[in-house]
Amino acid sequence: MESIVSDVAVGMKRGSDDLNLYSTSPNSVTANGNDSSKKLRVEDRMESPPSRVLHIRKLPSEVSETEVIALGLPFGKVTNILMLKGKNQAFLELGTEEAAVTMVNYYTAVMPQVRNVPVFIQFSNHKELKTDSTLNQRAQAVLQAVSAVQDGGSPNSDNSMLDSVLAHAPSPVLRIIIDNMFYPVTLDVLQQIFSKFGTVMKIITFTKNNQFQALLQFSEPVNAQQARLSLDGQNIYNSCCTLRIDFSKLVNLNVKYNNDKSRDYTRPELPAGDGQPAVDPAMAAAYNKDSSLLGAINPMSAAAAAAAAAGRMALSGHSGCSGVLLVSNLNEEMVTPQSLFTLFGVYGDAQRVKILYNKKDSALIQMSDGNQAQLAMSHLNGQKMYGKIIRVTLSKHQAVQLPREGLDDQGLTKDFTNSPLHRFKKPGSKNFQNIFPPSATLHLSNVPFGLDREDVTEEDLRLLFSNAGGIVKAFKFFQGHKMALLQMSTVEEAIQALMDLHNYDMGSNHHLKVSFSKSTI
């Protein structure tokens with residue numbers, strides 16, 4: 001940690017008189033009197049040359065230091081932070097100018113969000129950020145703890161400032177809430193991430209107020225404090241599954257069963273409970289011996305690497321399901337393997353689809369992995385498709401079998417393994433950033449524009465989507481008319497339009513791309 005402490009300094013500004021910055025260099029951030037506010041206004045108005053200091057604006061008022069630091073972690077070492085909470089702004093200093101340029105370029109293409117609020121990032125006029133580190137000890141400790149984990153080192157430290165923050169840990173038990181849970185979060189995933197900070201003794205998971213929550217007990221309160229400082233506000237998967245962490249009022253957890261909802265790593269002999277899958281004794285013993293069985297993965301650098309590639313953190317393979325879904329209550333007069341492939345392909349790469357020969361209102365869909373299957377199930381179960389509310393569950397089948405050669409199954413089984421329409425096959429695909437629940441608003445991309453007479457107009461697209469069945473309520477072009485938002489009157493209409501018009505040939509080899517949007521018009 002000593003190597004980190006030497007190049008890290010953190011300050012906090014809560015009002016106009018709180019900050020005393022000791023650098024008077026014109027290339028450093030300075031603040032005295034009204035000079036600070038003037039410089040901020042100038043930065044709001046003008047484009048600045050590249051700098052390793054970035055100016056972040058429009059932050060939500062309740063934002064934490066960890067959440068701001070998390071914006072920069074995917075791109076390199078974060079060496080300094082200055083919070084201007086009264087102005088909903090912050091300055092973030094990265095280790096190199098190259099890292100800062102990469103960060104700005106990435107967030108130019110992908111709108112950064114903090115607590116579901118869009119924020120704005122630009123280069124600062126300043127080349128370095130020098131602050132008085134005594135202004136806010138908590139901010140200093142947060143950056144040191146996060147930096148230690150990012151570097152792959154231990155978050156433990158004999159630094160007195162960090163110790164003073166860690167010493168106030170009230171309990172070894174953390175209460176964890178998962179926001180934006182687009183991917184499944186299992187008990188094993190939590191154990192893998194939190195064990196970086198100390199021995200995880202017990203975990204209990206549950207759902208409260210329609211939110212996935214967990215109680216997690218460390219062996220020592222100081223480990224709980226280190227984990228909370230480093231992980232609060234971080235995303236388990238890129239752009240989703242955000243950790244909200246606080247201390248529980250409990251100081252000890254009473255775990256009765258070892259299963260997929262609760263686990264006591266100190267007592268591998270506990271029963272599985274009514275109808276719950278048991279934990280394999282050998283697995284439980286291994287957990288008890290080594291709390292990092294799933295791999296000594298560094299949660300910060302793993303999330304960072306994934307985010308930098310605009311992909312997910314690689315935690316697949318631990319979801320406990322085969323990747324095959326059973327979809328029932330389908331409209332057998334309307335449904336086809338292609339329509340199911342297109343709809344479920346919004347949430348993963350569907351490999352094979354089989355409509356059951358003797359029960360044509362049901363189908364098996366094989367996704368690439370268990371995570372994609374659970375993601376599709378969580379978003380599509382209970383949605384209305386062709387007038388019927390569909391049911392999506394995990395199947396006991398390990399794979400979808402193709403019909404024997406020479407057997408005619410009336411086109412009910414399709415193999416999409418080599419389809420060019422898979423959204424997530426390409427590593428680092430931006431589609432990982434745009435996974436949203438079904439909504440009435442659709443995002444359209446690859447719209448032909450700039451091709452003279454072949455340009456597609458708003459009227460063309462309104463007519464196209466109206467003919468798919470439904471009413472277009474609103475429309476808006478953006479990105480130079482190459483993208484658009486289009487709002488149907490219901491989610492069901494939007495689902496049908498997506499199935500019918502995704503990959504629609506608009507001419508000149510332009511195939512329309514359609515996905516669900518979280519925006520409204």
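**View 1. Strand β9 and its two partners.** Strand β9 and strand β13 (residues 262-264) pair in the antiparallel sense over three bridges, where pairing requires at least two bridges found by DSSP between the two strands. Within this pairing, K202 has D264 of β13 as its bridge partner. On strand β10 (residues 211-218), β9 has an antiparallel partner joined to it by eight bridges, and T207 stands opposite F212 of β10. β9 and β10 form a hairpin with two residues between them, and N209 in the turn has a positive phi of about 55°. Helices (H or I, at least four residues) and strands (E, at least two) are DSSP runs numbered from the N terminus.

The model is predicted, so that local features need a pLDDT of at least 70 and side-chain atom pairs count only at pLDDT 80 or more, while totals for chains, interfaces and linings use all residues. Residues are numbered from 1 along each chain as its sequence is written, and side-chain values use heavy atoms, with hydrogens and water left out.

**View 2. Confidence along the protein.** The pLDDT, which is the predictor's confidence in each residue on a scale from 0 to 100, averages 76 over the protein, and 73% of the residues score at least 70. Confidence is lowest in helix α1 (residues 2-5), at a mean of 30, and highest in helix α11 (residues 337-344), at 97. Over residues 1-46 the pLDDT is below 50, and this stretch has 113 contacts in the model beyond near neighbours in sequence, a contact being heavy atoms within 4.5 Å. Residues 275-320 also have a pLDDT below 50, with 97 contacts in the model beyond near neighbours in sequence.

**View 3. The loop residue F197.** F197 is placed in the loop between α7 (187-194) and β9 (200-208). Because its relative accessibility is 3%, F197 counts as buried, a term that means under 20% relative accessible area, with exposed over 50% and partly exposed in between (1.4 Å probe, protein chains only). Although F197 and A227 are 30 residues apart in sequence, they are 5.8 Å apart in space, C-alpha to C-alpha.

View 4. Strand β15 (residues 352-355) is joined by four bridges to strand β16 (residues 363-366), and R352 has Q366 in β16 as its bridge partner.

**View 5. The largest nonpolar core and helix α14.** This core has 83 residues, and L340 and F465 are among those with the most contacts inside it; a nonpolar core is a set of buried Ala, Val, Leu, Ile, Met, Phe, Trp, Tyr and Cys residues joined through side-chain atoms within 4.5 Å. The largest share, six residues, comes from helix α14 (residues 491-501). The buried residues of α14 pack against several elements, including α11 and β21 (441-445).
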